[in-house]
Amino acid sequence: MEPLWVTFLKALVLCLVLLGAFAYMTLIERRILGRMQHRYGPNRTGPLGLLQPIADALKSVFKEDITVTNADKVIYVVAPMISIIFALSAFGAIPGGPAGSLFGLDPWIIDLEIGVLYILAVTSVGVYGIFLGGWASNSKYALLGSMRSSAQIISYELGLGLSVLSVIMIAGTLNLREIVEVNVWSVSPWLWLPLLVAFGAFVVSAIAEVNRTPFDLPEAEQEIVAGYMTEYSSIKWALYQMAEYVNMMTVSAFISTLFLGGYRGPTFLEPWIPGISEWPIIWLVAKMAIFMFLFIWLRATLPRLRYDQLMRFGWLYLFEVALGATLLTGAVIAFVL
Amino acid sequence: MSMRASGYQAMTVAEEQSGDFETKLMRINVGPQHPSTHGVLRLVVDLDGEVIARISPVIGYLHTGFEKTFEHRTYQQGVTYSNRMDYVHGFGHDLAYVLSVEKLMDACVPERAQRIRVILTELNRIASHLIFFGTGILDMGALTPFFYTMREREQLLDIFESVSGVRMNYGYFRVGGLACDVPEGFEHDVRAFLASFPKMMDQYAAMFAKNDIFVSRTKGVGVLSREQALEHGLTGPSLRASGVPLDFRKAEPYSGYEDYAFDVPTSTVGDASARFEMRMLEMEQSLRIVEQALDRLEPGPVQDPDRRISLPPRSELETSMEAVIFHFKLVTEGFHPPRGAAYVPTESARGELGYYVVSDGGSMPYRVKVRVPSLVNLQSLEAACVGGLFADMVVNIATMDPVMGDVDK
């Protein structure tokens, strides 16, 4: 057990890293979108546009911070904070490497026995930030946005929760580090099919979780202007943006940890560089990058679903598929293994 | 239906009693500044949850008074204004205007000018439909197709620029012909476009017709029956999507459209998806027309030789007193059509477009009334939207393809 101040220090560093990563994710996203759309993206501010996030940050700080006249002042201010606080705190449970691998420290903030539940719970609370923000704005567009986000959460959370069940059943633990150590794919080839299905269902639900295209209904720009963020400006608006991107990173890390071996690197490289698969952080970041790219790629490709279609999709397909995967996993564990 | 009369003022908020809850419709104002109202269209929408109970367009935010302006400009100067109404299909407006004035003047437009007019109008129709596709799918949340369509449109705008000197508001057609002949290389540029565009259309098909989300967003959305469409005076591709094969290029050919072989695509479905499909098929037909017109394009004059309308050639001004007089009269006061009125319906990218030009024998029109398709088509918005979801409204606006300059004039 590490002293408390080390944990605090690590938490602080993690927050700073996540926020820095958020800033550069916006740049990376805009550059990739630009490439996919026959244009350059931001490339004027500094070499390759590398100073763009700093300029954006300064800009959003200096913008006028508007509070709508009839807004519920307290909730209006608190709502974006809820979003960002829970987005940041969710990441703490994700292990970044084997114990003691980061300069003798453990590369995680807290090693929770119920890590999976913790992340599911905390990311869900983030929706309150969206819902309350839209509610407190006293704007009809914002209200529509927050209504949509509540409708959305009950549609995909089922699929999200159920598809995790397969992994938990196989690994027999809720501890994320132990799930990584078990390596669910190595248990039995019979489990590959349900795991693949669960993986697919989880990725789709995760996109809905982070409000990205094609499930970005709460902020559907072309319909409800900016949804729950319509009335927000300046740093409060930036907090929502941060929360969205940090959520994307959390969810990417969560998928990697559950399904793709988390912080473990490929062992076939071991003969050349001994110990490479044990290196902390980098493998997790590499796996996260795959999903971050997927999110951006989807944004460039797909139109948005309508909200009744999302609900139908969540209840009729996602739920069933995830349930099927769970049942199949259970059957394999009960009868084959 | 008069939009103002049945508009927002006349409405009252309905209150319903359902079970133990008292529910109220929520009135929400969309526009005139909204990301997907295609300009300054304002809609007052009554929402029941996300279901649209009532919708009424409020227009006039882009009213420019073009019709009045026409009365204070000579007939030839009118082409400066016509294309500014529908800035997306400018050549279509130019053509409609000059056709009406030519009918008044009984002018004889040389064949070369006719062919060039058809080529440019059809290319402009494609450019307009490209905007329709790009913004239409943008309204559904897909960002990238917009850039694809803009890329092809750029090729067309380059052609228009080489011809008229500007990328929009062309003002290139003249009563009696064209401002000048097309530049060298025009034919080559158009042929290059004809060769490359079909491949791009395949890409669009992948982005639209083969995209499951796009299909589910448009299928069965905003259905307008044949009767509804006719009742609301819908014209253009949106009318043809509802099963009425009315196309003025076929019904009342002008500018030599009777010479070209092309089909009028129709569908009987009448939903947003059909309206998208019609425009896609129309672009193919436009390509056919352009190709045929280009094949038959022969050298020749591009202006009516009639001295009442056209300026005399520069060389004659030095030798002929008569030419100098005509030149002077045309430049200082313009020509005088006989008393009367003329209306030539044309098929713009959006529907029936015609200029009703009344002459009192003077050098300026007594009155110009423009039958703009966008305005009339917008009337069917209510029929298409009510009962649908808020998200469908955006799709319906997009598929009605209004250009606000065209609506408000």
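How are H3(A) and H4(A) oriented to each other? H3(A) and H4(A) are roughly antiparallel (over 145 degrees), because their axes cross at roughly 160°.

This is a predicted model, in which local features need pLDDT of at least 70, side-chain atom pairs count only at pLDDT 80 or more, and totals for chains, interfaces and linings use all residues. Residues are numbered from 1 along each chain as its sequence is written, chains are lettered from A and ligands numbered from 1 in the order written, and side-chain values use heavy atoms, without hydrogens and water.

Helices are DSSP runs (H or I, at least four residues) numbered from the N terminus. Axes are lines fitted to C-alpha atoms over the stretch in contact, with angles from 0 to 180 degrees between N-to-C directions.

| Helix pair | Axes come within | Crossing angle |
|---|---|---|
| H1(A) (residues 4–36) and H3(A) (residues 73–91) | 10 Å | roughly 115° |
| H3(A) and H4(A) (residues 115–136) | 8 Å | roughly 160° |

The angle in the H1(A) pair makes H1(A) roughly perpendicular (65 to 115 degrees) to H3(A). In contact (heavy atoms within 4.5 Å), Leu14(A), Cys15(A), Leu18(A) and Leu19(A) of H1(A) meet Ile84(A), Leu88(A) and Phe91(A) of H3(A). These divide into seven nonpolar, no polar and no charged residues. Ala, Val, Leu, Ile, Met, Phe, Trp, Tyr, Cys and Pro count as nonpolar, Asp, Glu, Lys and Arg as charged, and the others, Gly among them, as polar.

The contact of H3(A) with H4(A) includes Tyr76(A), Ser83(A) and Phe86(A) of H3(A), and Tyr118(A), Gly126(A) and Gly133(A) of H4(A). By class, this contact has 14 nonpolar, six polar and no charged residues.

Note on methods
Helix = DSSP H or I, 4+ residues; strand = E, 2+ residues; numbered from the N terminus. Parallel < 35°, antiparallel > 145°, perpendicular 65-115°, else oblique.
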